[in-house]
Amino acid sequence: MSGNHPHSSAARRPTLNLSAFKIVPVKLIIQNQTLIREQLFGGGASSPEVSFEINAVSGYVSYRHRKKLYREGERKTLALPPTEEAATLAAKTFLSERYQAFATNQLLQQTFANALTKGKPLAYPFSFSMIPPPRWLKHAGTYLVRNDKHEQPDHWLCKFQVEIETAGGKLPVLNSSLDLRIGESGGGGALNYEVIGFQSRWRPIYESYRVEQFLPDTGQPEHDPAEEQNGGHVHLDEFTLLSYLLADEKVPQFNLLPYEATVSGEHHLSVLPASKHSLWVELNVRKANGKYKVQALLMGGSGNYQAHWGFWDPYVYKLVGQKDAKKKKPIKG
Amino acid sequence: MREQFSLKQNRRAAVLIKLETELDVQVYVAELEVDEGVQEVVLHVFDETLQNFVAKRIALNIHATEMPFARPLSNERTKD
């Protein structure tokens, strides 16, 4: 069983005021994707030279300029931002301008307000935008990316994560990211660079509400400041952080909810629900006698669930366009 | 022309059993037993009261070379 069992982390701590957020339904985003595309990348986004997609489950956005990203031909004089700082500034400027474009677009705001809040205006920080408010963006790094074919610099990759402002301070959103690829523009003008690639893992939110704490007396590793000062029981390689959590790209999500993420060592992350609304599932697998036994531990929620397993057997498949599934014998290696 | 495969997802209702805990929290367990050939398992949970959804997916140990669609296929091969 995982170390996430509630009994294993008992410790005292103060009661927290926790907020949760409603996520804009992806269906509404898809219905308005033409307007959204224009706000992000202008009319050029409909050109055959670019690809623009909004994931139908998560709403994550993917954009790339097919000709400008990883250019086929070698060019030693590609006019990119000259420094890491200049590239980061270009990315921040793009994100800020795009956020403003969304926030000030009355048609878009009214459309989403009508659908989400019965017409009540969506105001900062919940104005509808596929880009989070600039103050919520944390710069996570800028890197020069070279073209594999000829080793020449191709573009700058600027990475951002989302940190939500709450009454208790800024809290990170785990699994969130906005990646911008800044390359050379073909248009000339004062700015000779442009966003030629964009990948977002962010689900726009539109309303906050209070949620009750999941474990009022537990949740953090035990810490005794006096003992720690004396060099006693100290977890130097472990810390717990109140965080929000985005689901994977192919998983629907209706609410952005608080969790307690404990990082230990260099790679291990364990998660506990921080509120009673914050559902959490841990899966463990054991193999015996040619079978897999999968055990799920479900925490949080009301107890009024609908639950089902889904699984895929690679030997039961159907050819695309065919109605019935076929069973194929395993191929012995 | 290469034929394309689509995996059929099997679904099964999950039986959730509530665990007794010292704290007033909701903790449930569920189990599923599947054959060795299964590639991936996911548990979907929808909380009807809170209108929340969560899904957790786990990949099982399978060798890619055993999968019928993991190697180039010709029309002759798919007619077996």
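Student: In the hairpin of β4(B) and β5(B), which residue takes a positive phi?
Tutor: The model is predicted. In that hairpin, Gln51(B) takes a positive phi near 55 degrees. There are 4 residues between the strands.

Student: How many bridges pair β4(B) with β5(B), and in which sense?
Tutor: The two strands pair in the antiparallel sense over 8 bridges. β5(B) covers residues 52-59. Within this pairing, Arg57(B) of β5(B) is the bridge partner of Val42(B).

Student: What pattern does chain B follow along the sequence?
Tutor: The pattern is β-β-β-β-β-α, that is, 5 strands and 1 helix. Of the contacts in chain B with a separation of 6 or more, 16% involve residues 24 or more positions apart.

Student: Changing topic: what is the strand order in the open sheet of 4 strands?
Tutor: The order is β14(A)-β15(A)-β3(B)-β2(B), with antiparallel pairing. β14(A) (280-288) and β2(B) (17-18) stand at the edges with a single partner strand each, so one side of each has no neighbour in the sheet.

Student: And how many bridges join β14(A) to β15(A)?
Tutor: 9 bridges join β14(A) to β15(A), residues 291-299, and the two run antiparallel. Opposite Glu282(A) stands Leu297(A) in β15(A).

How values were computed: Residues are numbered from 1 along each chain as its sequence is written. Chains are lettered from A and ligands numbered from 1 in the order in which they are written. This is a predicted model: local features need pLDDT of at least 70, side-chain atom pairs count only at pLDDT 80 or more; totals for chains, interfaces and linings use all residues. Two residues are in contact if their C-beta atoms, placed from the backbone, lie within 7 Å. Two strands pair if DSSP finds at least two bridges between them.
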